[in-house]
Amino acid sequence: MGSVASFFGQLFGKEEKREEERRLRANDRHFNLSFHYVNNAIKTSKYNIFTFLPLNLFEQFRRLANAYFLFLMVLQLIPQVSSLSWFTTAVPLLLVLTMTAVKDASDDINRHKSDKQVNNRTVNVLIDGVLKKEKWMDVQVGDIIKLENNQFVTADLLLLSSSEPLNLVYVETAELDGETNLKVKQALTVTGELGDNIDALAGFHGEVHCEPPNNRLDKFKGVLTVNGQTNALDNDKVLLRGCTLRNTEWCFGLVIFGGPDTKLMQNSGKTVFKRTSIDHLMNVLVLCIFGFLASMCSILTIGNAIWETREGSVFTVFLPREPGVNAPLTSFLTFWSYVIVLNTVVPISLYVSVEIIRLGNSFYIDWDRKMYYPKSDTPAQARTTTLNEELGQIKYIFSDKTGTLTQNIMTFNKCSINGKAYGELFDFSGQRVEINEKTEKVDFSWNQLADPKFIFHDHSLVETIREGNLEAQAFFRLLALCHTVMPEEKKEGELYYQAQSPDEGALVTAARNFGFVFRSRTPETITAWEMGKQVTYELLAVLDFNNVRKRMSVIVRSPEGKLTLFCKGADTIIFERLHPSCNKLKEVTIRHLNEYAGDGLRTLALAYKDLDQSFMEEWKQRHHEASTAMEDREEKLDELYEEIEKDLMLLGATAVEDKLQDGVPQTIEQLAKADIKIWVLTGDKQETAENIGYSCNMLREEMKEIFIVSANTAEEVKEELQNARRKMCPESADEPSVIKSRAGLFWLKKTENVQDEKVDGKYALIINGHSLAFALENNLQLELLRTACMCQTVICCRVTPLQKAQVVQLVKKYKQAITLAIGDGANDVSMIKAAHIGVGISGQEGMQAVLSSDYSFAQFRYLQRLLLVHGRWSYLRMCKFLRYFFYKNFTFTFVHFWYAFFCGFSAQTVYDEWFITFYNLVYTALPVLGMSLFDQDVNDRWSFQYPQLYTPGQLNLYFSKKAFVRCMMHSCYSSLILFFIPWAAMQDTVRDDGKDIADYQSFALLAQTCLLVVVMLQLCLDTHYWTAVNQFFVWGSLAAYFAITFTINSNGMFLIFTFIFPFIGTARNSLNQPNVWLTIFLTSLLCILPVVAFRFILIQLRPTANDKLKELQQVP
Amino acid sequence: MVKEVKELVNRPDNTAYTQQRLPAWQPMLSAGIVIPGFVSIGLVFIGIGVALFVTSQSIQVLEIDYTGVEQSSPCFKCSDQTGKKCDCVMNFDIDSLFKGPVFFYYGLSNYFQNQRKYSVSIDYNQLTGDLDYFTNPDDACFPFQNDRNKPIVPCGAIANSMFNDTFQLFQLVNGQKKEVPLDGKGIAWWTDYNTKYRNPSVTPLRNAFNGTVKPPSWPQAAYELDTEDTSNNGFINQDFLVWMRTAALPDFRKLYRRITEGDYASGLPAGNYSLEIVYNYPVLSFDGRKKVVFSNVSWMGGKNEFLGIAYLVIGSLCVLMSIVMLIVYAKFKFPEED
């Protein structure tokens, strides 16, 4: 009943006051209840037994098509208007409603089940000083609960104490954000002291003030007051529902948010619904059809008015008017009668069929073995089943680099330590030696803790370290200390690292093999084995990494008491903060860095700084203040970090290799041939990006020029962009040619389309993040877009996640083209959500990208199959379906229109009412579905071989308003034939025994048989790929038609249901006449032959790539 | 084997269906099929067309309009619509033998039996002899549902408007009138006569009609339609059945009688004939026309030249089209090596 209550609540504007701050006290249910916080029960289901029918029906009738058919049904119940029996609309409508309702109901039953299962899980709750097993749903805000290892976290908890030293707990957040590496949480010392002492915990009355419920997973702000002392609370002290406790025996937590208030639940169910351009077009068309229907009815109404005055008024001998009914009123009623008769122009089954086709085509993606990656056992997945045909229309691809084009498996490859480069091999003459699998590897057997999988080829580095080179040792010490990796050592000596980013993992592993083994960490210490000796450093502060800072630092105290800050980060950032004494070293290092970047390696610069004891103490104090501040906490911390991270001493730089994934260059080449533009948006350095560009075939030697935009002011950016444009196309106008138009429902949406400009030759554009920021501002947007769109390849480097989304939105807004974004990491989520279609690569960097994507798979190279095969086929099938579907319904309906001129515009139908009922539902449903699920113009091999087949989709060639009008003209022709051939053939004719055959019922049977044969033949003509299923559907439907017709025309049916089947005997009496069959034959060929001839001549005169290939495919 | 399956649990099935590799036939609109196809279809059409046309030509039809619009028409005197019973005689000649069996139709023009309001004005339940509906005709029959509070049987506009002119045909042999026997049996559909329309199982039939009235336009009640053959009464009266099978188009003809007996079994010999008409049915008020039609039939039914001509024309067009396509193909055929 809850949903009904809330529904009416909303209806009457009774909105609950929004919570502004949450206050709660531990172990004080009475106090907490006064705030009416919700308990921990969750409810994701929408209906219960009583609300299901009304709510579900209400929801369904909010759809325009359903509402329209309800309206029709109401019309049909008015006897003066009703021109068709109620069942002609009721049966299809009921079927559609039932199908949807059954689906909704089964979904909801599943939700009920999972709700029930989750709500009935038990957990230990501390009540009145005793631990009791309680169901999850009975847990209240302010309760203290005990969790054990591998248990799910019950609600959002404030961590109080744990079994592990220093009150640590380990959690896995896979269910929450998809990441599988362990994360650490730590309780406050104040609460940690409570331990598992039940009495102490029961006596704990700390009070929490914190933010109201929200959906930010990575932030939490609050204060805990214990005995008058306040303690800052942040995300580290909170366990979120959806996490699982790992490697921790037990822990106690205080419930802060329960059930629907938890961050997990706040994050669910708010997905934006993406719609395809065909959906929008369909809505517009349906609206046009309504208009068209109205005008047809108006014409017929006028016809009726004329007939009524001229004929009807004198025909009253045999058909007297009902009292009070005059000609105008009759005409008015006729309008509505014709609305009913001609209702089939608005196809009720259209939306249902479209959904079925999309679902079917999505399954093909899920099932495709060629998009299945055996190494990680991941099949491709269509997470959204409503966007398939748009995959065949992609014009722009925005791709991330790391993990998308590359494997994101990092290997420590080279380094530069104190101005000396390591990692390269040279022969005696000083020539660089190509490193391959046979090259001798460095032997790390002297180091018991080394990772056997680590491979390095340069022996000199090991020697340098073992000689005791201080810089080299400091270099690897930094790598062993400055990171956020979690070690796992299940057996002595068997170390595993849990790293959030693969770069860090690679660097820490390198340090491990070179004798600086990171062994374990606590929040206050880091233990490492340095060249076989155990050293424990005191960890004073961790200065986190983020996208803006692009660096991370740690401050440690060595056992000797020396204070050091170790910092690693992006080279540009580090170089800005170096001590002037390092200038010389800096130059050498920069040279090395450029070489590395030129090889496509990912680089980081390393630096350190010795700290003064007194300064450190004072800084530490301010750090504590800043980190407990409730306001502007981050800004204050940033300032402090900035202050200490300066005058650094450079140690060197690392270069990590990230190998390209298999088949990336080929894929990019294929997509380029399909006229898809690929923009790479990466956070990497310009040189790295450039190099990757070359190695994956996006930048090629044959390109005329590669423009690089890296300016520091808006003016410079503008100038560079303009120069590039003029070079590519000297005659291009200063002002872009923008076509403004209106689109969408009621033409309310304004669209702007920047025209493509013609360019000779191929160019590329590389723009860095700094310039991109200027270029994305309003006044330069179009400039950027014009220049970028003239280039074959665009690479944006050093971009932030927000900029990625902005670039996508820019193209989306001004190009009216379909965009696709592909990425693998959390930083790609905004771009994936912004694009028409988001593709997630399930790789190394967690699951966020996949979770917010529409399609996901494991390797970039599957993209070409997704687009060139699945996308193309889906688009083709959907367009064929729509064209055919409109054709068959219009043809069906127009025949009524022509008949109106011969039946006094009286809204008499041409066909039997049962035929009208079954036409869309039974007789033609399956064949068209068969075509839209199985049709292929050319097979997948050819689709790959000829990527240019993809272009019709981008140009919207197969289904557009124009195509729709063509459909209508075709229908118009067919319906003229379908009416007038039988009309002429049946004029004054009789059966071969002289009896009647020009009667209404025989004529109806003849007309409907002709119609069905014609639409079947048309379908056969449209189907290019005839599987056994198609054959079965076509022949089966025709057989079903005759079987059903003979059945409802049989004596038996008439005797049982006298009034319902008045067509008794018609099939028998007319289908045994040769002239009836000759008429059917003539009609169908007259409808089909011109189409065949037209298509044949079109293929000869203007063959498409498609036609040529089909011809080729015939010759094996 | 088991181990491998375990490792690749998510691997999709390798079936022709899931991998979209179902074996299929891929027909093409290639010149080798389309052009010969058009030629052969054209030839078949021409063949059918010739057959149809010749057959249609062999069918003899004689139409006589007796509405009496023109003053010269013998029935002009009856066309004043006074409602009185009126007789008129139409004379006509037949030059050569009118081959039998000859079918005798009456035809009506500008008569909208397919008007929706008209065509739904019927009660099928009543016409299957269900006595409940005798006392309580369906609302659809309005305004011919009740007459002065008495139910009309058979009710509805279709039944009420039943054609009620009657005809007698005489051959004038040496100034003597020789009646041509007209056969009124078996002129309706078998299913109509045997299943769709039933009389109530009450004997005598008239008792079933107690408490009901005849349709207002009818001269006599349903059980008195045929005064000679008592079994041909009620709802299974052949003329009634023919009328109740409503026409699809506003110009239609309905079978009245067959000429199959006696001297006329092999047809109407050449000579002078006289058709005596009892003129009851008013059509002039809505500018309708009445006619009688004599016709014989062939395997393709009655005379209809359209079908034959259409087949001929379309067959020729197909052949013509195939020539056009051949020219286009020869001239524009795209080079295969593209």
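## Around Asp400 of chain A

Leaving aside neighbours within four places in sequence, A:D400 is in contact (heavy atoms within 4.5 Å) with A:L405, A:L681, A:K804, A:I822, A:G823, A:D824, A:D828 and A:M831. This is a predicted model, where local features need pLDDT of at least 70 and side-chain atom pairs count only at pLDDT 80 or more, while totals for chains, interfaces and linings use all residues; side-chain values use heavy atoms, leaving out hydrogens and water. Residues are numbered from 1 along each chain as its sequence is written, and chains are lettered from A and ligands numbered from 1 in the order in which they are written.

What does the UniProt record say about A:D400? An unreviewed entry carries the annotation "active site" for A:D400; UniProt positions are given in the numbering used here, feature names are shortened, and annotations may be inferred rather than shown by experiment. You can find A:D400 in the loop between β15 (394-399) and β16 (406-417) of chain A. Helices (H or I, at least four residues) and strands (E, at least two) are DSSP runs, numbered from the N terminus. Is A:D400 buried or exposed? Its relative accessible area is 3%, so A:D400 is buried; buried means under 20%, exposed over 50% and partly exposed in between, with a 1.4 Å probe and protein chains only. The side chain of A:D400 also makes a polar contact with the side chain of A:K804, at 3.2 Å. A polar contact is a pair of N or O atoms within 3.5 Å; within protein, one must be able to donate a hydrogen and the other to accept it, and residues adjacent in sequence count only if both atoms are side-chain atoms.

## Two other residues of chain A

Next, look for A:H836, in the loop between α26 (829-834) and β34 (837-841) of chain A. A:H836 counts as buried because its relative accessibility is 19%. Not counting residues up to four places away in sequence, A:H836 touches several residues, including A:K274, A:E390, A:T819 and A:D854. A polar atom of the A:H836 side chain lies 3.0 Å from the backbone nitrogen of A:T819.

A:K146 has its place in strand β4 (residues 144-148) of chain A. Its relative accessibility is 18%, so A:K146 counts as buried. Leaving aside neighbours within four places in sequence, the contacts of A:K146 include A:V123, A:W250 and A:F252.

## Chain A as a whole

Chain A has 39 helices and 35 strands, and its C-alpha trace spans about 120 × 80 × 50 Å along its principal axes. Of its 1116 residues, 57% are buried.

## Chain B and its helix α2

Chain B has ten helices and twelve strands. Buried residues make up 49% of its 338 residues, and the C-alpha trace spans about 95 × 60 × 40 Å along its principal axes.

Among the buried residues of α2(B) are B:A31, B:V34, B:I35, B:F38, B:G42, B:F45 and B:G49. An α-helix has 3.6 residues a turn, so residues three or four places apart point the same way. The cover over the buried residues of α2(B) includes α38 (1074-1101) of chain A and α10 (305-332) of chain B.
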